[in-house]
Amino acid sequence: MALNEDNYKELRAGVDPTFIHHAEHVKEVKDIRMTGLENENRVMKFDAPSCTTPGLVYHDRIEFLDYDKFANDFSMNKQARARAIIGGEIRVHCACKSFLYWGYKYIDTTIDAAIEKEGRAPDIRNPQRRGTLCKHLDGILRVLPFYAAEYSRFMPDKGSGGPQVVRKGGLG
Ligand SMILES: [Zn+2]
């Protein structure tokens with residue numbers, strides 16, 4: 001991965017817009033919602049509604065690998081820390097079938113960008129290993145930088161010795 005480039009942009013740059021009509025399908029992804037944080041604020045959780053089955057929602061996760069590098073860097077304000085973490089190295093996961101079926105999970109595993117590892121190469125369905133993201137993850141990474149302000153509320157205070165827990169009006 002190139003330096004000085006936000007990692008989520010690198011992953012999105014790996015998307016192949018013509019493979020299984022990805023570019024058309026990603027437009028169908030609507031109503032992405034951040035639902036909370038886990039692993040002491042190192043993982044951001046999203047819900048992405050299925051485009052074909054009403055009521056079905058896929059759970060997605062974005063893991064921020066540079067959390068420990070920036071979260072307690074008090075030379076930056078909270079917003080700058082949140083932006084640095086979001087722009088740092090990430091791993092992704094989507095619970096939809098496409099993520100596994102078309103080989104994205106495997107491809108992401110080979111570039112250390114998969115939260116859950118997949119060792120079975122998509123030799124039949126995607127022999128050229130095109131793409132990096134299902135449409136849900138692509139949609140989420142498009143909006144990910146806009147969550148920096150909200151995420152900044154969870155940056156640690158100096159001397160707090162741990163992750164910030166926002167209770168009132170926090171993420172459910
Ligand atoms: Zn998906």
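I began with strand S3 (residues 57–64), which pairs with S4 in the antiparallel sense over five bridges. For my own reference, strands (E, at least two residues) and helices (H or I, at least four) are DSSP runs numbered from the N terminus, and two strands pair if DSSP finds at least two bridges between them.

This is a predicted model, where local features need pLDDT of at least 70 and side-chain atom pairs count only at pLDDT 80 or more, while totals for chains, interfaces and linings use all residues. Residues are numbered from 1 along each chain as its sequence is written.

Next I looked up bridge partners in S4: arginine 91 is the partner of glutamate 63, and isoleucine 90 that of phenylalanine 64.

Then I took the whole sheet. It is open, with four antiparallel strands in the order S1-S2-S3-S4. Strand S1 (33–38) and strand S4 (90–94) are the edges, each pairing on one side only.

How buried is S4? Four of its five residues are buried, so S4 is largely enclosed by the rest of the structure. Buried means that 20 or more other C-beta atoms lie within 10 Å of the residue's own, with C-beta atoms placed from the backbone.

Key: Buried ≥ 20, exposed ≤ 12 C-beta atoms within 10 Å, placed from the backbone.
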